[in-house]
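Work through the exercises below with the sequence and the model open side by side. Each task is followed by a solution in steps.

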Amino acid sequence: MSIPLADRVIQLAYDPGITPKGGGLPGLAVLKNVVNSINMFGIIAVVGALAVSLGVWAWGHHTGGHQAEANGKKGAVVAAGAALGLGAANGIVAFFSGLGSQVH
């Protein structure tokens, strides 16, 4: 006796039986290396952006340029936020992946 199509679709929706598996595809180590390099490049770029923003902030403060001072402050805050995001990216993805795997 065959199972009706609707029942098979409902059963598939509950548990498709797919889980992440490391090493399943060739080139996974290369992809991880590329992503790690991109992350490091981003962190180095953020250090440069932070240095420039702090310089603009100081220059604006000492010359009385309120617009430059405000832009330097904004740049410093954005650079700090970008550094936080880049540093926490792996943990954020791991957290939400673990949270998503608990959904049934």
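**Exercise 1.** How do the residues of the lining of the largest pocket divide into nonpolar, polar and charged?

*Solution.* The model is predicted, with local features requiring pLDDT of at least 70 and side-chain atom pairs pLDDT 80 or more, while totals for chains, interfaces and linings use all residues. Residues are numbered from 1 along each chain as its sequence is written, and side-chain values use heavy atoms, without hydrogens and water.

Begin with the lining itself, which consists of Val35, Asn36, Asn39, Leu86, Ala89 and Asn90. Then apply the classes: Ala, Val, Leu, Ile, Met, Phe, Trp, Tyr, Cys and Pro are nonpolar, Asp, Glu, Lys and Arg charged, and the others, Gly among them, polar. The division is three nonpolar, three polar and no charged.

**Exercise 2.** Describe how helix α2 and helix α3 are arranged.

*Solution.* The axes of α2 (residues 28–63) and α3 (residues 66–101), lines fitted to C-alpha atoms over the stretch in contact, come within 7 Å and cross at roughly 160 degrees. Since angles over 145 degrees count as roughly antiparallel, the two helices are therefore roughly antiparallel to each other. Their contact comprises 14 nonpolar, seven polar and two charged residues. Finally, return to the largest pocket, to whose lining α2 and α3 each supply at least two residues.

Key:
Axes fitted to C-alpha atoms, helices over the stretch in contact; angles between N-to-C directions. Helix = DSSP H or I, 4+ residues; strand = E, 2+ residues; numbered from the N terminus. Parallel < 35°, antiparallel > 145°, perpendicular 65-115°, else oblique. 1 Å grid on protein atoms, 1.4 Å probe; cavity = no way out; pocket = protein on both sides within 12 Å on 5 of 7 lines; lining within 4 Å.
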